[in-house]
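Subject: Structure handover

Dear colleague,

Here is the structure I said I would pass on. My notes on it follow below.

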Amino acid sequence: MAFIGSLDQGTSSTRFIVFDETGSIVGQHQLEHRQILPQAGWVEHDASEIWQRTQEVIKGALANAGILANQLAGIGITNQRETTVIWDKEDGRPLSNAIVWQDTRTQEFLSSLSEDVKSKVTYKTGLAIAPYFSGSKMNWLLKNVPAVTEAVASNRALVGTIDSWLVWNLTGGVHVTDVTNASRTLLMDLETLDWDDELLKIFEVPRSILPKIASSSEIYGKTLASGPLGAEVPIAGILGDQQAAMVGQACFERGESKTTYGTGNFALLNTGEEIVRSKNGLLTTVCFKFGSEKARYALEGSVAVTGSAIQWLRDQLGIIKNAPEVEELAKSVTDNGGVYFVPAFSGLFAPYWRNDARGVVVGLTRAATKAHLARAALEAICYQTRDVLDAMSADSGVKLPEMRVDGGITANELCMQMQSDIMQIDVVRPKVIETTALGAAYAAGLATGFFKDKSQLRANWQEGRRWKANPGSSLAKSGLDNWKRAIERTLDWIK
Ligand code: ADP
């Protein structure tokens, strides 16, 4: 049993990575799936396609690693969070497309809740009242899809986040989720770590269709020998993607934090066994729970649009051919030329939580070029991240000594240097940047005894690259002031 597997089901792709005991990658395979956009504000995935891709990447990664499934001590699963799947347990088919975390169709339902109900939900769950989370998505499916109504009435419906869908398929019927995924549904009480009857009533979700909530690190079941692994392998870890990155970055202790730069940005701060309720627009969420140990909590700053603004420059404006090109273009000018870009495409997430905001480009003059816009897009990634980290310091009273980063954008040297200048602290990237997949592998490895304890995992973490701040950078002074003024101009746009 020399290896551990990790299934990483993300917003745009699915991959399977085989790790060895040092946390090094032995083999992997990755495939994209379709983004289905039926109308403005709606984002869906085909859960059958995701299951299909899952089977392919598992086989591909084992072949790439040159190993057999029976050499895996276990597998961990990490997933895009909040995205909601509902399926028929008799024939295993989804009853509707999955509703993705970015989808805003349930805004109206949420607005109809009374202020009393809203504050109760926020207190119990630690979340904001936003279409982002699974509860209102489940409510929508139950109310609007006739096949769902029928399946619920005849006791055939099961619902869950992507982790549940994959475990159910891999094991042939185990219906389970972990505390980190459940903490993103608006249906779980952060204190009891169980579905809450009052919340279930508000969102009109029957308990009978929900999965059992388990810890993030335990054996939930074994894969079917007739499945893509071709062997019975324990599934022994489940973590939502951002929580998995915390574990992969070895942020096990109170006060430790990381920021992941991908489609959106997600900063998490471990607050230990304490549930810290934010006064500054952050979310409170479960960080991880290893087996029978107590749950650890986190404060989270979620920014909806960072890497996807770079995709927008590529796909909608056509000013770059691929994401890495943005760095060359931005470097061709020495500053942003007074141009600020706030990519509030679907409103603003943390710390603002303004669904009425929409994107702006301000400060345009006749001299502005696409290079200034590219630079402004990179700065926007960094300023949005500074906004959530400032909120974190205000809530926790801790000024971060340095920032641990990971995710696709951290390949962009200019962006990371700007981040350090804007934050005025060091930015540090580990050697292994696949921290999300690594975190799920760690959770599975701890449950199966493949890894001894957290100190072994901590020893695996190695610094890969460090960016130091230029003291007195104007990005952290006048730049930050201008950024705040640009944010104001996005607000109150949608009536
Ligand atoms: P996710 O896991 O959310 O799919 P990744 O960590 O794979 O995201 O990062 C992909 C995102 O990062 C894309 O939105 C892409 O536009 C952006 N990106 C990738 N490389 C770069 C780069 N060199 N500079 C800026 N953005 C980049």
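Contact here means heavy atoms within 4.5 Å. The model is a predicted one.

Threonine 14 is part of strand S2 (residues 13-19). Leaving aside neighbours within four places in sequence, threonine 14 is in contact with Leu7, Asp8, Gln9, His29, Gln30, Leu31, His33, Arg53, Thr54 and Val57. With glutamine 9 there is a side-chain to side-chain polar contact of 2.9 Å. Threonine 14 counts as buried because its relative accessibility is 0%, and buried means under 20%.

Glutamine 243 sits in helix H9 (residues 241-248). This residue also counts as buried, because its relative accessibility is 0%. A polar atom of the glutamine 243 side chain is 3.0 Å from the backbone oxygen of valine 286. Valine 286 is also among the contacts of glutamine 243 when neighbours within four places in sequence are left aside; the others are Arg81, Thr180, Ser183, Arg184, Leu268, Thr285 and Cys287.

In soluble globular proteins, nonpolar side chains tend to be buried together. In this model the largest nonpolar core has 136 residues, and the members that touch the most others are Phe203, Val205 and Leu378. Helix H12 (residues 370-396) gives the most to this core, contributing 14 residues. As for phenylalanine 203, not counting residues up to four places away in sequence, it touches Phe109, Leu110, Val121, Gly135, Ser136, Asn139, Leu186 and Leu187.

Last, the ligand. Which residues come nearest to it? Of the 15 residues around the ligand, these are Thr263, Gly307, Gln311, Gly408 and Asn412. By class, the shell has 6 nonpolar and 9 polar residues, and no charged ones. Helix H10 (residues 307-315) gives the most to the shell, with 4 residues.

- Threonine 263: an N or O atom in the side chain is 2.6 Å from an oxygen atom of the ligand.
- Glycine 307: a backbone N or O atom is 3.0 Å from an oxygen atom of the ligand.
- Serine 12: an N or O atom in the side chain is 3.2 Å from an oxygen atom of the ligand.

On its own, the ligand has 580 Å² of accessible area, and the protein covers 74% of this.

Regards

Definitions and conventions
Residues are numbered from 1 along each chain as its sequence is written. This is a predicted model: local features need pLDDT of at least 70, side-chain atom pairs count only at pLDDT 80 or more; totals for chains, interfaces and linings use all residues. Side-chain values use heavy atoms; hydrogens and water are left out. A nonpolar core is a set of buried Ala, Val, Leu, Ile, Met, Phe, Trp, Tyr and Cys residues joined through side-chain atoms within 4.5 Å. Buried means under 20% relative accessible area, exposed over 50%, partly exposed in between (1.4 Å probe, protein chains only). Helices (H or I, at least four residues) and strands (E, at least two) are DSSP runs, numbered from the N terminus. A residue is near a molecule or strand if one of its heavy atoms lies within 4 Å of it. A polar contact is a pair of N or O atoms within 3.5 Å; within protein, one must be able to donate a hydrogen and the other to accept it, and residues adjacent in sequence count only if both atoms are side-chain atoms. Accessible areas come from the Shrake-Rupley method with a 1.4 Å probe; for residues, only the protein chains shown count as cover. Ala, Val, Leu, Ile, Met, Phe, Trp, Tyr, Cys and Pro count as nonpolar, Asp, Glu, Lys and Arg as charged, and the others, Gly among them, as polar.
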